[in-house]
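Work through the exercises below with the structure open. Each task is followed by a solution in steps.

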Amino acid sequence: MSGSVHRTMGQQSGRRSWAEPWKIKMVEPLRMTRRGDRERALAEAGHNTFLLRSDDVYIDLLTDSGTGAMSDRQWAGMMVGDEAYAGSRNFYRLEEAIQRWYGYRHIVPTHQGRGAEHLISQAAIRRGQYVPGNMYFTTTRLHQELAGGIFADVIVDAAHDPADRSPFKGDVDLGKLEKLVGEHGASSVAYVSLAATVNMAGGQPVSMGNVRALREFCDRHGIRLFLDATRLVENAFFIQEREPGYAGKSIAEIVREFCDCTDGAWMSAKKDSLVNIGGWLAVNDRSLFEELRNLVVVYEGLHTYGGLAGRDMEAMAIGIGESMEDDHVRSRIGQVRYLGELLEDWGIPMVQPVGGHAIFLDARAFYPQLAQDQFPAQTLAAELYLDSGIRAMERGVVSAGRDAVTGGHHYPKLELTRLTIPRRVYTQAHMDVVAESVKAVFDGRAAARGLRMVYEPRYLRFFQARFDPL
Ligand code: P70
């Protein structure tokens with residue numbers, strides 16, 4: 001694996017190609033619906049795509065989380081699940097895979113990413129401490145706040161501008177971090193919370209230069225650096241492509257080098273690692289590990305299954321290895337870019353450059369006539385569903401929620417609708433359907449009237465909120 005960056009057949013002959021390194025063995029039929037069906041379904045769902053039944057959806061781009069297709073090897077692995085309550089052989093296989101590919105010493109399995117976020121937040125944050133991070137993520141920030149932490153956004157300014165084409169819009173602005181530490185002191189910072197890639201910024205990557213500089217900064221101030229490794233494999237692809245000195249290194253080598261700059265990581269394995277369920281937490285510090293291992297038995301399950309079946313851990317161990325293959329990552333991001341290029345040719349406003357897991361449509365630019373509290377991104381998601389049964393996700397003011405102190409809406413600069421591409425699931429023809437539908441909705445943009453929120457749950461409101469058309 002070392003040093004060898006593979007090429008597709010087309011690329012070996014100088015042709016442009018991102019074609020997949022697999023073929024399809026099993027298919028899942030989809031149902032075609034009519035406009036009237038979709039109008040009814042959307043009304044029943046309170047104009048919230050999270051509340052649609054998936055049977056009413058044609059192309060499901062709600063999320064890339066747990067929606068990927070497992071390989072024949074992963075399915076075969078499911079058959080060798082060891083469902084022992086304690087000491088399952090599949091746990092040791094998972095532990096070995098995480099140690100080998102990510103390089104951390106101590107592993108705690110969890111049922112998914114937020115289970116890991118909960119544990120690390122409870123163990124590593126004292127009430128009133130700051131948690132600086134490269135943009136918020138919904139579940140991450142909520143767990144940090146529930147543990148008494150105060151989230152502080154220290155991402156570079158470029159991340160908040162959809163049109164800015166900088167190559168590493170996920171980087172931490174060290175000046176902002178320095179200022180926070182200068183004002184409050186290092187002891188009031190729980191840890192630096194670094195995500196690679198940055199979901200809410202549009203799947204934007206962090207450079208190796210930035211994580212190295214962060215390591216140096218954290219060492220100087222005695223602050224820990226923890227990583228959200230959920231889409232680190234995709235981040236590694238952008239480093240390989242864009243950062244000087246990395247073109248000849250494999251995805252696996254880059255992942256390892258990145259992790260080596262951090263003190264630990266949490267993971268939603270439902271993304272990069274190609275499983276339908278699963279996550280983990282990993283740290284190098286032995287005493288922190290003991291604490292986490294004790295907490296996991298309270299909230300998730302015994303420390304050798306963490307809320308998972310043995311077979312799930314086996315599929316994850318195999319999926320981690322598959323996710324590190326250069327051919328896989330190139331075709332995965334190649335497909336996302338293919339859709340991005342079609343949309344760009346038609347002048348559709350979206351976050352640039354296109355990130356690793358999704359296209360993020362710029363709903364403000366679609367609907368300049370709508371104020372942010374008329375929910376432009378939610379409106380755009382609803383219109384896409386009505387047009388062709390495509391399910392997208394709001395990533396704007398609804399997702400941002402309310403300020404923990406003032407209770408008012410957070411008004412994020414980015415008001416986006418995410419078309420998230422599941423791994424190894426849809427074809428190029430599906431991407432064409434999506435592009436044409438986005439174009440049709442864009443052409444009809446002047447008629448959009450916006451939405452009013454009529455039900456708002458207390459936590460993570462975007463999942464269950466309901467809306468009426470204005
Ligand atoms: C998504 C999913 C999950 C996620 C993530 C990052 C960078 C942690 C997690 C949590 C699912 C989702 C979650 C909240 C709102 C909408 C959708 N992201 N870190 O679709 O992991 O879901 O396994 O608990 O992206 O982006 P988990």
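**Exercise 1.** Classify Tyr-102 as buried or exposed.

Solution. Tyr-102 has 0% relative accessibility, so Tyr-102 counts as buried. The cut-offs are under 20% relative accessible area for buried, over 50% for exposed, and partly exposed in between (1.4 Å probe, protein chains only). Trp-280 is also at 0% and is buried.

The model is predicted: local features need pLDDT of at least 70 and side-chain atom pairs count only at pLDDT 80 or more, while totals for chains, interfaces and linings use all residues. Residues are numbered from 1 along each chain as its sequence is written, and side-chain values use heavy atoms, with hydrogens and water left out.

**Exercise 2.** Determine how the rings of Tyr-102 and Trp-280 are arranged.

Solution. Step one: rings of Phe, Tyr and Trp (its six-membered ring) pair if their centres lie within 6.5 Å; planes under 30 degrees apart are stacked, over 60 edge-to-face, the rest tilted. Step two: the centres of Tyr-102 and Trp-280 are 5.0 Å apart and the planes are at 65 degrees, so this pair is edge-to-face. Step three: Tyr-102 is in the loop between helix H4 (89-101) and strand E2 (106-110), and Trp-280 is in strand E8 (residues 279-283), so the pair ties together parts 178 residues apart in sequence. Helices (H or I, at least four residues) and strands (E, at least two) are DSSP runs, numbered from the N terminus.

**Exercise 3.** Find which aromatic cluster contains Phe-50.

Solution. Phe-50 forms one aromatic cluster with Phe-462 and Phe-463. Phe-463 has 24% relative accessibility, so Phe-463 counts as partly exposed.
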